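Let's take a walk through a protein model together. Have the viewer open, and keep turning the picture as you read.

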Amino acid sequence: MSPDLEQALAARLLALADDELILAHRNSEWTGHAPILEEDIAFTNIALDEMGHARIWYEQLEALQGADPDSLIFFRPAAEFSNVRMVELPPGDWAFSMLRQYLFDSYELVRATQTLESRYRPMAEAAAKIRPEELYHHRHTALWVRRLGLGTEESNGRMQQALDSLWPAVFQLFAPLPGEEQLVAAGYVPAPAQLQAAWEREARPFLEDAGLRLPPDPQAPATVAPRSEHTEHLEPLVADLQEVARLEREAEW
Amino acid sequence: MAAEATKEITEETIWEALEAVKDPEIPVVSVVEMGIVRDVTIEEGRVTVTMTPTFSGCPALHVMHDDIEAQVRALGVEDVTVETTLHPPWTTDWITEEAREKLKAFGLAPPRRHGGNLPITFYDTVTCPYCDSDNTVVQNTFGPTLCRAIYTCNNCQQPFEQFKAL
């Protein structure tokens with residue numbers, strides 16, 4: 001593997017890991033606070049799964065470049081995280097969190113499916129592991145989007161509001177990273193356009209069938225922010241995530 | 001003495017010893033019966049056990065990893081490595097028949113064998129582990145651990161958990 005290719009691969013692995021970690025942390029904020037007990041349990045499970053997926057990607061990064069996952073998670077400044085913005089936004093109401101999770105699950109499912117044949121073997125193996133777990137998430141969150149979208153005027157209104165604010169942000173998931181074209185050429189990752197097309201084929205009709213109006217598309221890709229730029233919400237999240245670890249760096253768990 | 005004891009260690013004795021390592025979340029079945037232990041090799045006195053995660057976020061993974069290592073050490077082996085592999089991905093099809101019976105006796109409906117064609121729908125037939133009725137209804141596809149879903153039996157009115165197919 002050339003140094004350029006390795007660097008691009010490392011950036012992709014870190015982006016995959018950071019998306020999962022930050023989303024898992026946001027979702028865990030519902031633990032003990034979800035509207036009903038069953039959902040409290042379900043969403044906590046989903047958060048735990050995403051944390052497990054984050055771990056897979058951090059460990060692959062470690063195998064590639066020796067970066068220690070704990071250091072990356074607990075001692076890296078917020079500004080160096082490379083997650084997309086949509087996962088760092090505060091949980092909002094239940095409609096917002098369910099829709100965000102649906103959008104991410106449907107994306108992750110498409111990505112895992114298209115990564116099954118990756119020529120970077122660890123990635124293909126991870127995709128095969130992740131995919132069936134995502135099927136469970138997707139079926140769960142898709143049901144919530146339909147339930148609220150097709151429910152009452154109030155629930156539909158909240159879901160629509162969530163979609164209006166999340167829709168422009170979702171396209172950042174499909175934006176190529178610097179050097180990504182080399183990964184695509186090597187057959188390591190799916191082409192971003194192919195990923196986005198497959199996702200849109202599923203998500204657009206699904207959301208419309210759930211009684212929602214799709215907002216106008218953002219002026220992609222020119223206006224898609226790079227993953228190095230974050231909202232003001234990431235820093236407090238990372239401070240919360242790292243608080244205990246930073247109290248006693250050498251502590252063993 | 002220790003060296004002599006080590007000589008008697010074979011892959012078979014290690015597999016047997018690992019039968020005593022239980023899944024911490026379902027303490028009636030072993031990591032061998034669950035298909036979590038994938039391989040045992042001995043090379044010049046060094047033992048390598050390869051395990052695979054069930055659900056990738058399972059918090060019991062660390063415990064199982066450490067328990068497997070401790071169990072092999074207890075046989076007198078000093079050089080033990082427990083490796084984790086994701087490939088091939090773990091499937092509930094690997095759970096042995098004996099373990100399925102134990103799960104059922106534990107009150108956990110065992111997952112149906114799917115032969116690689118995983119049926120993830122809300123309408124799978126799940127048999128009540130208490131009265132064997134198929135007249136059951138899903139309450140929550142996520143349960144108290146990552147590997148469990150919650151059902152109710154319409155026949156005997158008993159709520160129960162299912163080990164989710166993967």
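## The core

Which residues touch the most other members of the largest nonpolar core? They are A:Ala17, A:Leu99 and A:Val145, and the core they belong to has 107 residues. Keep in mind that everything here comes from a predicted model. As background, nonpolar side chains in soluble globular proteins tend to be buried together.

Pick A:Val145 and look around it. Leaving out residues up to four places away in sequence, A:Val145 touches A:Met98, A:Leu99, A:Tyr102, A:Met159 and A:Ala210.

## Helices of chain A

Helix H5 of chain A covers residues 94–115, which makes 22 residues. From first C-alpha to last, H5(A) reaches 31 Å, close to the 32 Å expected at 1.5 Å a residue. Is H5(A) mostly enclosed or open? It is largely enclosed by the rest of the structure, because 19 of its 22 residues are buried.

Helix H2 of chain A runs over residues 37–65 and has 29 residues. Its reach is 42 Å, close to the expected 42 Å. Just after H2(A) comes A:Gly66, with a positive phi of about 80°.

Now find A:Trp199, which sits in helix H9 (residues 192–209) of chain A. A:Trp199 counts as buried because it has 22 C-beta neighbours inside 10 Å, and the cut-off for buried is 20 or more. Not counting residues up to four places away in sequence, A:Trp199 touches A:Ser106, A:Tyr107 and A:Val110. A:Pro215 is 16 residues from A:Trp199 in sequence, and their C-alpha atoms are 16 Å apart in space.

## Chain B and its sheet

Over to chain B, which has four helices and nine strands. Starting at the N terminus, the order is α-α-β-β-β-β-α-β-α-β-β-β-β. The C-alpha atoms of chain B fill a box of roughly 60 × 25 × 25 Å. Out of 166 residues in this chain, 37% count as buried.

Four strands of chain B form an open sheet with mixed pairing, in the order E6-E9-E8-E7. E6 (108–109) and E7 (136–140) stand at the edges with a single partner strand each, so one side of each has no neighbour in the sheet. E8 (residues 148–153) and E9 (residues 159–163) of chain B pair in the antiparallel sense over five bridges. One pair to look for is B:Thr152 with its bridge partner B:Pro159, in E9(B).

Most residues other than glycine have a negative phi, and most peptide bonds are trans. Which bond in chain B is cis? It joins B:His87 and B:Pro88, with omega about -5°. B:Pro88 is in the loop between strand E5 (80–84) and helix H4 (97–105) of chain B.

B:Asp132, in the loop between E6 and E7 of chain B, has a positive phi near 65°. B:Gln157 has a positive phi of about 65° too, and is found in the loop between E8 and E9 of chain B. B:Asp132 is exposed, with 11 other C-beta atoms within 10 Å, and B:Gln157 counts as exposed with 10 such neighbours.

## Where the chains meet

In the contact between the chains, 16 residues of chain B meet 21 residues of chain A. On the chain B side, these residues divide into nine nonpolar, seven polar and no charged.

As for confidence, the model scores ipTM 0.84 and pTM 0.91. Chain B averages a pLDDT of 89, and 93% of its residues score at least 70.

Definitions and conventions: Residues numbered from 1 in each chain as written. Chains lettered and ligands numbered in written order. Helix = DSSP H or I, 4+ residues; strand = E, 2+ residues; numbered from the N terminus. Expected span 1.5 Å × (residues − 1). Contact = placed C-beta atoms within 7 Å. Nonpolar A, V, L, I, M, F, W, Y, C, P; charged D, E, K, R; others polar. Buried ≥ 20, exposed ≤ 12 C-beta atoms within 10 Å, placed from the backbone. Core = buried A, V, L, I, M, F, W, Y, C linked by C-beta atoms within 7 Å. Pairing = 2+ DSSP bridges. pLDDT = per-residue confidence, 0-100.
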